[in-house]
Amino acid sequence: MKILVLNGPNLGLLGTREPEIYGKETLDDIMDALRQDADALGVELMTVQTDIEGEMVSAITKAKWYADGIILNPAAFTHTSVAVHDAIKGCMLPTVEVHLSNVYAREGYRHESITAGVCIGQICGFGSLGYRLALEALITKIGG
Ligand code: DQA
């Protein structure tokens, strides 16, 4: 089983970016821990971070040809990107949306997700644990 873990804009700044909201772990810390979980479960992970909307769209559409599912933190594109919504819908891969923070407890403009409706589910507010929960959810969904 192959899973793409795709992280959007500004997530490369994790560790120093608003640690009171996003925690002190870097994205590499989070991805390394997730890879260990995936290895133990016999799952192959591809990890990508991009600040560019078009690159996120391309990564999603290319995943159609090699991945069994996607764990996606679209970051700010969650609230703005019809293109990312369309890519998720078009690639037809089961996708779990993850947010480190509880977006529904934050500014009003974060309460709408343009992308969640084309995902199989959304996990938010659990920090880096959300990625692990998403991995378990995706494996269960794909396996079942
Ligand atoms: C985020 C939440 C988004 O609203 C924000 O733009 C991000 C990170 C999260 O993981 O909590 O960049 O996706």
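Guide: Arg 35 belongs to helix 2, which spans residues 27-40; helices (H or I, at least four residues) and strands (E, at least two) are DSSP runs, numbered from the N terminus. Residue numbers count from 1 along each chain as its sequence is written, and side-chain values rest on heavy atoms, with hydrogens and water left out. The model is predicted, and local features therefore need a pLDDT of at least 70 and side-chain atom pairs count only at pLDDT 80 or more, whereas totals for chains, interfaces and linings use all residues.

With a relative accessible area of 30%, Arg 35 is partly exposed, a class that lies between buried (under 20% relative accessible area) and exposed (over 50%), computed with a 1.4 Å probe and protein chains only. Between Arg 35 and Leu 93 there are 58 residues of sequence separation and a C-alpha to C-alpha distance of 20 Å. Helix 2 also holds Leu 27, which counts as buried at 10% relative accessibility; its C-alpha atom is separated by 8.9 Å from that of Gln 49, 22 residues apart along the chain.

Strand 2, residues 44-49, contains Val 48, and Leu 45 lies in strand 2 as well. Leu 45 counts as buried at 7% relative accessibility, while Val 48 is partly exposed at 33%. Leu 45 and Met 1 are 44 residues apart in sequence, with 8.6 Å between their C-alpha atoms, and for Val 48 and Ala 59 the corresponding values are 11 residues and 8.1 Å.

Glu 18, with a phi of about 35 degrees, is placed in the loop between strand 1 (2-7) and helix 1 (19-22), and its relative accessible area of 33% makes it partly exposed. Met 92, with a phi of about 60 degrees, is in the loop between helix 4 (82-91) and strand 4 (95-99), and it counts as exposed at 62% relative accessibility.

The loop between strand 3 (69-73) and helix 4 holds Thr 78, which is buried at 1% relative accessibility. The Thr 78 side chain reaches the backbone oxygen of Ala 75 at 2.5 Å, a polar contact, meaning a pair of N or O atoms within 3.5 Å, where within protein one must be able to donate a hydrogen and the other to accept it, and residues adjacent in sequence count only if both atoms are side-chain atoms.

Ala 75 leads on to the ligand, since the residues around the ligand include Ala 75 together with Arg 17, Tyr 22, Asn 73, Ala 76, His 79, His 99, Leu 100, Ser 101, Val 103 and Arg 110; a residue is near a molecule if one of its heavy atoms lies within 4 Å of it. By class, this shell has five nonpolar, four polar and two charged residues, where Ala, Val, Leu, Ile, Met, Phe, Trp, Tyr, Cys and Pro count as nonpolar, Asp, Glu, Lys and Arg as charged, and the others, Gly among them, as polar. An oxygen atom of the ligand lies 2.6 Å from a polar side-chain atom of Ser 101; for a polar side-chain atom of His 99 the distance to a ligand oxygen is 2.8 Å, and for one of Arg 110 it is 2.9 Å. Taken alone the ligand exposes 320 Å², of which the protein buries 98%, with accessible areas from the Shrake-Rupley method and a 1.4 Å probe.

The ligand sits in the largest pocket; sitting there requires that more than half of a molecule's atoms lie within 2 Å of the pocket's grid points. On a 1 Å grid over the protein atoms alone, a pocket is an open set of points with protein on both sides within 12 Å along at least five of seven lines, unlike a cavity, where a 1.4 Å probe fits but cannot get out, and lining residues have an atom within 4 Å of a point.
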